[in-house]
Every structure is written in structure tokens, then in C-alpha cells.
Amino acid sequence: METWAVVCGAVREELDLRLAINKLLEMRESGIISGILLSTWEKEFDRFPEMRKQLEDNEIRIIEQRPLESRMDIARTNSINYMRQALQFQAALDQLPEDCFVLKARTDRSLHQILQIEPQLFKEPKKVGFSSDRMNKEMPHIFDYKITIFNARIQRIFNFSDFVFWGHISDVRKFINFNLAELNFNRDLVANTQWFLYPFIEEFPIIRDYFRFINFRPLIFGMKEYFDQDQYDETFPQFFYRVYASYLTILSYYFNLVDMRRDLETSTHKFEEGLENTTYHFLELFKGDRSKGLVHSSLGCVLLNNKVIENVLDKNSCFGYSSDEKFHQALDQNSLFKEITTNEYQELSEFERIQGWNISRHWLRRNNWKGKIDHQTQLYKESVLTYDFKGLNQKENEALLEELKQVDRTDFYLYSYWLDMAKLGGESIEQMVIPLARTQNQEAVLMVSRLLRVNGIQDSKVIDSMDHLIKVTYGVRKQRGTVNIKTCQLMIDFLMRKLSSEKAVELYKNGEILFILNRYLEKDEFETVISEKFALEDLVEFLYKLSDDYRKKGRGTRALRLLELATEFAFDRNSMGKILNRYLKRDAQKNALLTRKALTLFS
């Protein structure tokens, strides 16, 4: 099956990119890969026009798109570093054949790993499954083929290299996500981890819990220093056995590690073959043993190849210490992948408290533990349906609450009740109109916008929420081309609350005001308004006069629209009275009712 190379990233280091592309072109020429796509941002090649031409002459497809930051503001999340790459990777995958393998690389620092992974591309791709016949565990379906990766680590689990990896397109597409780690785990994730973690957190809840509860940074050197001592207590909380049994099982089943041993050899150190005859120990995962393919680093212990994982998982190769036995007991549990238990959390909490492994720094994220609930009383002790509607007496209040117990849509019912109950006015809008307004019902949003204009809402959070709602309601209709007079009225109320009524120049600098006026005025009328820059009072009189003129000409609908605009700009008792009379003469009962409700705002 063919392999396509996808290179992602900004073009920062020209030489790095040239070296990587040169190697990929050589691989394409020799038939190892079928093609090359470079996915980046717009204008990245402005500084390198010569290189762009060279890539195009070599028929490398360049995919360019707007940077993520120009589309949305999510700069406060650490996930943005991953999302940039994911967005570029996704754009490339969308242009590849449905059935192929993908060699993903970065625009920087990829050459070395491209050279290392090249021999893998000559081999038949491996279907998912355990390398050893001794492993017999049912695993959920996530990938069809193994993903070939670099730098699998302990402690910083799933922190593989994101410079280069290789897998089937249907499998690597599952790496693409635009989740915010701060919301999923209540902590940040580095890009390397977010690339590979998400396909596993649903099927392996214990992995999600590891990231939620463990701050691994103090453990990386703390555990190594502890287990490097001549004497130590061979103790691990049960949670750690389950986490690493799950993690190594995932590595063995779903991933293929590029052998890194040759990369670490020196003139004085050579790795010996025949690791299958070597005895491993669980605790070596945390302190390292270079001769066994476990190399400790500041980012955690690196597993140099697949054989290391197989040997630790094999009870015939990993034995002799009590922790080895407990690790394999955990490996055999049916509940291996399940979420953390209360007992496990309590054991972790106590272990940190007594400074297990002699680590004084806090490594347990205690704020993320909220406890597990297992029982609640069935007794309904005190009524929670105690709610007072403004404008209703006690009897009416109780009757309405009883009615609401049976309705399908509380928001519609309350709005209809408010319209039908003559004595209810502006004081009831927050309770009875805002619920429907939140669904972007235009009538309801208009009433809320009017209430805000008379400072009828005091809670700043509600004000901010309603301001956002008004802008969204208006913006959606404008974008879809469904703006009508009520859309314009609610925006006029919103803008007039923000603008100083005494500064005519502010009025005519606002794009939405100009859009609304231009929509309902003829060209010469609009030009008159713009040139005269009427004060607000004069603008209202101008609109009234136009409305009267059109009504005399028999253009009643146009006259009504202009009168409605004048009413919303003026926004006082007299203007509302004028429009009410017009609605009544036209038998526009619904609009008349809404206007009567608006008049209560001036009581």
C-alpha cells in the first residue's frame, strides 16, 4: 500500500525544511513514498519565493490556509500549539487518497527521524495486536494498523515525538481533535501528548485519570533518585500498577516503536543483542537501565524498542521483586482499564502525605478529586419550587407554578402568559421574556433590548449575557440575509444605549446604524441624512415626515417601516403612542400588544 508524506508547520528554519524535503524527494524518486504535501499558513513562503518555486517545480502540493489565531481567539490554552499542527494535518489528509499510509513530518528538525523511520517503510504494515503470544487480553477497536512512533516514555506517558510518525490514514485521522485539555483534564497538555492521547481516553478511563490526578514532573527525578539508593522500600500505590499495566498494554497492541538503540551507541557503549534472555523489573521503568533499553532523561524514562515493552509485560521475563508480581497481578485484572477508585485515591493521598519515595514536592492533584457518590436519600424533605413572579399575587403565583409542572416548553408558556396577562409589563420581562429570548426569538429579544435601554436590568452578568444575545441574534440574521424591521429595532435599541444621543457624529460613524438607514431609505433620502448629520431629535422628525408623505401616497407598508424606525430612535411614551395607534388602525393586534407592553417601560 502506498505512503504519502505530509509535512506540517510554519516555515521558520529554511535549511531544516530544505533538508527534509530533499530527503523526501529522494524517497519519492526511489518509490518508497508516492507523493509529498506541505501544509502551512498563508504568506509563509513570502520570504522564500525561490524555495516555493523549487517545490512547485518538483510538483509538491503546497496547502495554505489562514492561521488559527486569525479565525478565533483561544490563545490562553496550551492546546493551541497542538491545534496549529492538527489544522494543517487535517487539511492535507482531506486531499489524500482514502486508502494509503501517511508519513507525517514537521517543517523543522524532522530529517533525523525521517532517516530512522525509512527502513520501516519497506516492511509490511503491522495490523494491531500483541507482539507476543503470551499476551491474551481483549482490547477495544481503535486502530486497524499499528502507528509507528518515536520516544515512548514513562511518567510523561503518550509524550511521543510529534516530529515524525507513520500510520494508515484512517487511523492517524483519529489523532485530530480540537479539544481543550484544560477542560478535559483540568490541566494543560503539551502538543506531543495531545497528538496521541485522545483516541484512548474514552476506552481507557484510567489513562484520563492519570492526567487528571498526577503531576509527573516531581516524580521523574524523585523516583529515580529513590530507587538508585542502596536501600529503598519497594512500594508503589496500586493506581501506579494499573496505570503502567494499561499504558504498556496500549503501546504493545496499538503502536510500533522505532528502535532507538543505535542512536544512543557511542564508541565505548554498544547495545548487546539477545534482550530476551535478560531479567527485567517493574521499578526499572522509573530509574532506567541503559543496557536493557530503558534510558532515563529529564522527560522520563525512554523505552528504546518494542522488545523492552514485551519483556516487562511478560511475567517470564519480568520477575524476582515483589513489585514485579503486583504489576502482573494488576495486568491480569478484568478492571485494569477502569477509572480510579476511592480506595486508590485515598492510598495515593496517604502515600504523598508521608512523602513516599522521599519526595517532598506535591505530585497529587488533590483539587481534581471530588469523591464518588454511592447513595442519596429518596425522601423529598423541603420543596424547591419556591419561586415568586413579579406582578402576580400569591394565588396567581401558585396557580402558574402548578401549570408549569405540566408544560413542554416553559419559555414559550411564560412568554404567552406574559402577553395575555394585561397587568404584567416591563417588571416581568426578566422572568417571563428572557427565557424565550435566549432561543433568539426575535420578538422576545426586542423586548429585552428595550428593557435594557431603560436600564431595567441591574445584574451585570445578565446585562453582558443579553448584550451578547442581541449581537448574535442580529448578526445571524444579517449573515443569512433574513433581516427584518424587528431585527433592526432591537439593534437600534442596543446601539442607542451605547451611543451618546447628543453626539450626532457618533450616530453616523456606526456601520450598523448606516446599514439600517440605508435599508429603509431611498438613495436620496439616505444621502440627505448623511450630509445633514441630523441630531437625534431632527432625525426622528425627518423619519416622521417621510412616513406621513408615503402614507399620503398610499404606500402604507413603507410608511409603517419608517414610523417604526422613528419610534425606536425616539423611544419615549409619545413615540410608542403614535405607533400603537397605527398598529390599531391596521388591525395589527400582535404588534399592538407588544407596543402596549413596551409602554409599561415608561410608567
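Q: Quick one: is N574 buried or exposed?
A: N574 is exposed in this predicted model. Its relative accessible area is 59%, and exposed means over 50%, so N574 qualifies.

Q: Which helix is N574 in?
A: N574 sits in helix α27, which covers residues 573-585.

Q: OK, switching to the inside. How many residues are in the largest nonpolar core?
A: That core has 102 residues. F158, L248, F255, L303 and W357 have the most contacts inside it.

Q: Which helix gives the most to this core?
A: Helix α10, residues 238-254, with 12 residues. Another core, of 76 residues, lies apart from that one, and L401, V448, V483 and Y520 are among its members.

Q: Back to F255: what is it in contact with, leaving aside neighbours within four places in sequence?
A: F255 touches F143, K146, I147, I149, F160, F175, F200, I250 and N306.

Q: How do α10 and α13 cross?
A: Their axes come within 8 Å and cross at roughly 65°, and the crossing is right-handed. Helix α13 is residues 322-331.

Q: Which residues meet there?
A: From α10, Q238, Y241, R242, Y244, A245, L248 and T249. On the α13 side they meet S323, K326, F327, A330 and L331.

Q: What's the split by class in that contact?
A: The contact of α10 with α13 has seven nonpolar, three polar and two charged residues.

Note on methods:
Residues are numbered from 1 along each chain as its sequence is written. This is a predicted model: local features need pLDDT of at least 70, side-chain atom pairs count only at pLDDT 80 or more; totals for chains, interfaces and linings use all residues. Side-chain values use heavy atoms; hydrogens and water are left out. A nonpolar core is a set of buried Ala, Val, Leu, Ile, Met, Phe, Trp, Tyr and Cys residues joined through side-chain atoms within 4.5 Å. Buried means under 20% relative accessible area, exposed over 50%, partly exposed in between (1.4 Å probe, protein chains only). Helices (H or I, at least four residues) and strands (E, at least two) are DSSP runs, numbered from the N terminus. Contact means heavy atoms within 4.5 Å. Axes are lines fitted to C-alpha atoms, for helices over the stretch in contact, and angles run from 0 to 180 degrees between N-to-C directions. A crossing is left-handed if the near helix is turned anticlockwise from the far one by less than a right angle, and right-handed if clockwise. Ala, Val, Leu, Ile, Met, Phe, Trp, Tyr, Cys and Pro count as nonpolar, Asp, Glu, Lys and Arg as charged, and the others, Gly among them, as polar.
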